[in-house]
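Below is a guided reading of one protein chain. Keep the structure in view while following the text.

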Amino acid sequence: MTRLFFTWDDGHPDDLRLAALHEKYGVPCMLFVPAANAEGRPVLTAGALRGICGGNVEAGAHTYRHRYLTELQPGEVTAELTDGKKYLEDAIGSPVEHFCFPGGRYNRQILRETLRIYKTARTAEIMRTRHRFPLVDTTFHFFPRGWRSALYHSCRNREGSLLRAALQSCGRRGYFEFMERYLTSAAEKGEEERDVIIWGHSWELTERRLWGQLERLLQLVSGSLRGCTAKYSQIYING
Ligand SMILES: [Zn+2]
């Protein structure tokens with residue numbers, strides 16, 4: 001069967017709008033939230049985060065200060081991983097088991113340390129529908145990357161079904177239509193086990209004016225694809 005997950009990174013205050021949309025359509029999502037952002041972007045307060053978690057919205061860790069772990073000393077890596085977890089657990093009042101690498105950046109040593117602390121680690125690898133558990137890869141970045149990027153990454157990741165769908169879309173349709181088409185056909189082909197993970201950033205939705213596009217997708221999902229939606233905390237089931 002096809003399972004569909006939504007994950008949103010960085011904990012920008014616009015995540016409030018995201019959470020409201022996911023609740024409106026009854027579609028679960030995971031927010032990967034740091035306590036602060038070294039690049040200067042605003043981050044939700046602990047109280048605001050607590051207010052939106054529960055129901056369809058879950059939270060996972062994204063380091064303490066949104067630092068790229070590959071740029072840090074080993075001791076700093078451990079501190080970012082553990083401080084981020086503690087901050088989030090205090091904020092939402094429940095255990096935090098899932099993590100996402102800022103910028104998708106990690107190496108073998110960082111991965112080992114991450115998995116000592118968390119159950120899973122999400123990458124920024126796209127055009128994948130099978131994971132390398134406990135690494136969780138993604139399928140679509142909710143951002144107008146274009147079909148050329150879809151083609152390149154599906155070739156690179158040897159994802160036949162995505163490659164076929166991307167080729168069919170070449171030059172004729174936009175990236176979001178490709179995404180919707182792929183989701184609909186994946187949901188119909190129930191025999192194949194696959195996880196479709198859509199990820200993005202609420203600040204990017206604002207900058208690129210993609211809120212209407214997202215609402216359109218959530219409408220589609222809450223209608224004909226509702227049976228595919230799943231909570232990220234259940235990603236290990238079937239995994
Ligand atoms: Zn991030």
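**Backbone exceptions and a buried strand**

With 24 C-beta neighbours inside 10 Å, M127 counts as buried, because the cut-off for that label is 20 or more. The model is predicted. M127 sits in the loop that connects strand 5 with strand 6. The backbone angle phi of M127 is near 60°, a positive value in a residue other than glycine. This is worth noting because most residues other than glycine have a negative phi, and most peptide bonds are trans.

H66 also has a positive phi, near 55°, and is not glycine. Its place is the loop between strand 3 (57-61) and helix 3 (74-92). H66 is buried, with 24 other C-beta atoms within 10 Å.

Another exception concerns a peptide bond. The bond from F133 to P134 is cis, with omega near 5°. P134 belongs to the loop between strand 5 (120-122) and strand 6 (135-136).

Now take the whole chain. The protein contains 9 helices and 8 strands. Its C-alpha trace spans about 45 × 35 × 35 Å along the principal axes. A compact globule of 239 residues would have a radius of gyration near 18 Å, and the protein has 17 Å, which agrees. Buried residues account for 45% of the 239 residues. Among contacts with a separation of 6 or more, 66% join residues 24 or more positions apart.

How many of the residues of strand 2 are buried? The count is 5 of 5. In a regular strand the side chains alternate between the two faces of the sheet. In strand 2, C29, L31 and V33 point one way, while M30 and F32 point the other way.

Strand 1 (residues 2-9) runs parallel to strand 2 and is joined to it by 3 bridges. The chain passes from strand 1 through helix 1 (residues 15-25) to strand 2, a β-α-β crossover that is right-handed. One of the bridge pairs is T7 with M30 of strand 2. Strand 3 pairs with strand 2 over 5 bridges, again in the parallel sense, and V33 has A61 as its bridge partner in strand 3. Strand 2, helix 2 (residues 46-52) and strand 3 form a right-handed β-α-β unit.

Finally, consider the core. The largest nonpolar core has 66 residues, of which C29, L31, L88 and F178 touch the most other members. Leaving aside residues up to four places away in sequence, C29 touches F6, T7, W8, L18, H22, N56 and V57.

Key
Residues are numbered from 1 along each chain as its sequence is written. This is a predicted model: local features need pLDDT of at least 70, side-chain atom pairs count only at pLDDT 80 or more; totals for chains, interfaces and linings use all residues. A nonpolar core is a set of buried Ala, Val, Leu, Ile, Met, Phe, Trp, Tyr and Cys residues joined through C-beta atoms within 7 Å. A residue is buried if 20 or more other C-beta atoms lie within 10 Å of its own, exposed if 12 or fewer, and partly exposed in between; C-beta atoms are placed from the backbone. Two residues are in contact if their C-beta atoms, placed from the backbone, lie within 7 Å. Helices (H or I, at least four residues) and strands (E, at least two) are DSSP runs, numbered from the N terminus. The radius of gyration is taken over C-alpha atoms; the globule rule is 2.2 Å times the number of residues to the power 0.38. Two strands pair if DSSP finds at least two bridges between them. A crossover is right-handed if, with the strands pointing away from the viewer, the path from the first strand over the helix to the second runs clockwise.
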